[in-house]
Amino acid sequence: MMTTAIESIPATLRYRRDLGLLFDPYSGTFHRLRNKVAKDMVAQIFSGADRATIIGNISHRYNADADIVATDLEALATTLTTPASSESESHGGSVHEIDKRFDTTLDFPLRLEIELTAVCNWNCGFCYNVWKIDPTMSDHDVRRAVRELPEKHIPTNLATAILDECAEKGCFVIRYSGGETLLHPDAMDIFEHGGRLGLYQVIFTNGHFITAERAARLAAANVRCALVSIHGDRDQHNLLTGHPRAYDKAITAMRLLQDAGINVVAELTLVKENISGALDVIRDVHSIGVREFGVMRYVPTGRNDDRYGVPVSVTLPLMREIDHLTTTECPGMTVAWPCAQKLCTSDTDTPLHADDPTLALRSSQIVGHCESGLVWASVSYDGQLRNCPHSNVYFGRLAEHRVAELWPTLTEHVHTAVTTRDTCAGCAVAETCRGGCHLPSFFTPRKVTGLGMPTLGTTSVTGMSG
């Protein structure tokens with residue numbers, strides 16, 4: 001007996017009833033249910049009701065003609081099961097996210113980033129990873145401290161348990177990071193576990209360990225997107241990463257990942273040393289077929305800020321140059337500034353007016369407000385939950401608690417932190433921007449030990465001992 005479109009929906013899509021949101025974990029497509037009847041129909045489909053029962057229930061509940069209900073139900077099912085539907089929104093794991101549109105408190109995150117390892121084969125002095133935040137430590141001290149960590153990788157059984165909970169609770173997208181993600185000894189086993197659970201998976205990588213065989217395994221594990229770091233031309237990239245083959249490895253990895261059917265996003269960390277060459281990097285990756293590019297301004301860590309720090313004022317001029325480049329030389333390239341760049345591109349809050357002629361340009365590249373702690377969270381390599389991978393404020397250990405136990409406290413604090421500042425009052429895009437990165441307002445006085453990791457005491461943000 002042939003399976004109908006209605007019957008195939010629960011097998012192909014994931015559903016968050018609390019959000020009226022469906023997600024295809026294989027295409028990366030979101031569907032938003034925009035009215036009460038559609039939500040009611042989908043809820044019944046996922047409860048196991050058959051076509052006749054759904055039509056009868058909806059007809060009775062809304063006093064509607066059964067034939068019209070049947071037609072609407074078929075149209076809804078067809079829309080939800082048709083690839084590249086006009087009613088759908090592509091996620092793609094990309095630099096432009098669509099899941100920022102939730103103002104209510106979520107019951108469970110839509111995305112989760114898992115930091116698999118503290119180890120990396122590169123030596124980027126501008127790395128944002130939290131074990132490098134302590135401003136008293138030199139790069140040499142950091143490398144030594146990482147080597148001396150008793151546990152350098154998240155335990156495999158903890159990672160898979162987190163994935164199990166995510167699949168159960170309706171977390172749609174898992175991102176993996178490091179260090180260099182693939183240096184976790186069981187990285188592939190973890191990805192394949194997530195793939196069996198039907199999770200849409202994204203990896204951050206420097207590309208050094210990507211081979212054709214590994215790219216094929218990643219694709220088979222439903223790794224649909226790879227974010228590959230590249231910070232300059234060959235000489236600049238190799239210098240910044242401290243590795244003589246870093247550039248060639250990254251470019252080769254992008255080719256291999258694309259050949260395996262995995263979407264590639266090239267990501268550049270903008271520092272003083274590569275501003276002048278940023279456009280050339282976009283040209284380089286465009287020439288090999290990459291069509292998504294992310295630019296992230298250096299995140300100040302307190303150490304080497306004078307060397308790497310880039311003023312906010314460079315953002316808008318570079319955006320203009322990028323816009324011209326993508327229009328004239330790199331058609332089809334999407335360039336975005338993730339990680340909550342402020343739409344006003346100013347160190348001090350500077351409200352924008354609705355008639356500002358730069359609004360269209362700003363909105364075309366700046367992704368919008370930071371959704372960390374609102375719709376997603378991050379797990380550190382040592383198994384602690386935080387709102388953001390830049391953060392060293394933690395909410396508990398996942399070896400002792402489930403994500404669902406820790407998430408409500410985390411998201412409550414973040415929702416409080418993103419209340420619009422008085423200095424943003426009157427800004428035409430205040431709701432879209434929410435003041436940019438909200439991490440600074442999130443920190444509380446804390447004791448720092450070891451590698452700069454704050455310990456959680458009874459007066460910490462969690463109210464729990466750590």
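These entries record what I looked up on confidence and salt bridges in a predicted model.

**Confidence.** I began with pLDDT: the mean for the protein chain is 87, and 89% of its residues reach 70 or more.

**Salt bridges.** I found a count of 15 salt bridges and looked up several of them.

**Arg 111 and Glu 371.** The closest N and O atoms of this salt bridge are 2.4 Å apart. I located Arg 111 in strand β5 (residues 111-115) and Glu 371 in the loop between α14 and β12; the pair links distant parts of the chain, 260 residues apart. Both Arg 111 and Glu 371 are buried.

**Glu 165 and Arg 402.** Here the closest N and O atoms are 3.8 Å apart. Glu 165 lies in helix α6 (residues 156-169) and Arg 402 in the loop between β13 and α15, 237 residues apart. I checked accessibility: Glu 165 counts as buried because its relative value is 4%, whereas Arg 402, at 37%, counts as partly exposed. I also noted that Glu 165, Glu 168 and Arg 402 are linked in a network of salt bridges.

**Asp 248 and Arg 234.** I read 2.7 Å between the closest N and O atoms of this salt bridge. Asp 248 lies in helix α10 and Arg 234 in helix α9, so the pair ties together parts 14 residues apart in sequence. Asp 248 is partly exposed at 34% relative accessibility, and Arg 234 is partly exposed at 41%.

Note on methods
Residues are numbered from 1 along each chain as its sequence is written. This is a predicted model: local features need pLDDT of at least 70, side-chain atom pairs count only at pLDDT 80 or more; totals for chains, interfaces and linings use all residues. Side-chain values use heavy atoms; hydrogens and water are left out. pLDDT is the predictor's confidence in each residue, from 0 to 100. A salt bridge is a side-chain nitrogen of Lys or Arg within 4 Å of a carboxyl oxygen of Asp or Glu. Helices (H or I, at least four residues) and strands (E, at least two) are DSSP runs, numbered from the N terminus. Buried means under 20% relative accessible area, exposed over 50%, partly exposed in between (1.4 Å probe, protein chains only).
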